[in-house]
Amino acid sequence: MNVAIERWRRAGEAGDAAMARSALADGAVLISPLTDQFRFEGADVIGELLEDVFTVMTEVRFTDTIVDGDLAVLFATATLGLSASAYG
């Protein structure tokens, strides 16, 4: 498997935004899985987004990966929500 994709998978499952950022090319684009109207462009922007995402998204497990040339789509399951400790 592609080294960058494997690093991205490990980072997602560990909730490690810095590792995920290191897997991205500077011109990376993340399209929201909720709607294609939300696009995040650039590795730094995506890294900052993931710092917030990983505070509410846990138990990430990748289930499938489709690669076509230099494009990749990764499918995953996750748990969303703040932990009880986030409420004080």
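Partly exposed here means a relative accessible area between the buried limit, under 20%, and the exposed limit, over 50%. Keep that in mind while you click around this predicted model.

Start by selecting Arg39. Its relative accessibility is 44%, so Arg39 counts as partly exposed.

For the rest, select Arg21, Asp26 and Asp44, which are linked in a salt-bridge network. Draw the distance from Arg21 to Asp26 and you get 3.6 Å between the closest N and O atoms. Asp26 is exposed at 63% relative accessible area, while Arg21 is partly exposed at 25%. Next, go from Arg21 to Asp44, where the closest N and O atoms sit 2.9 Å apart. Arg21 belongs to helix α2 (residues 17-22) and Asp44 to helix α3, so this pair ties together parts 23 residues apart in sequence.

Now for the pockets. Which residues lie nearest the centre of the largest one? Select Trp8, Val29, Leu30, Ile31 and Leu74. The largest pocket has a volume of about 1500 Å³ and a lining of 40 residues. Colour the lining by class and you'll see 33 nonpolar, 6 polar and 1 charged. Strand β4 gives the most, with 9 residues.

Stay on β4 for the last stop: Val73 lies in that strand. Together with Ile66 and Phe75, Val73 makes a nonpolar surface patch of about 260 Å². Val73 itself is partly exposed, at 43% relative accessible area.

Technical notes
Residues numbered from 1 in each chain as written. Predicted model: local features only at pLDDT ≥ 70, side-chain atom pairs only at ≥ 80, totals over all residues. Heavy atoms only, no water. 1 Å grid on protein atoms, 1.4 Å probe; cavity = no way out; pocket = protein on both sides within 12 Å on 5 of 7 lines; lining within 4 Å. Points joined across faces, edges and corners; volume = space filled by probe spheres on them. Helix = DSSP H or I, 4+ residues; strand = E, 2+ residues; numbered from the N terminus. Nonpolar A, V, L, I, M, F, W, Y, C, P; charged D, E, K, R; others polar. Patch = residues over 30% accessible without salt bridge, like charges linked within 9 Å, V, L, I, M, F, W, Y side chains within 5 Å. Areas by Shrake-Rupley, 256 points an atom, 1.4 Å probe, with all protein chains shown as cover. Salt bridge = Lys/Arg side-chain N within 4 Å of Asp/Glu carboxyl O. Buried < 20%, exposed > 50% of the residue type's maximum accessible area, 1.4 Å probe, protein only.
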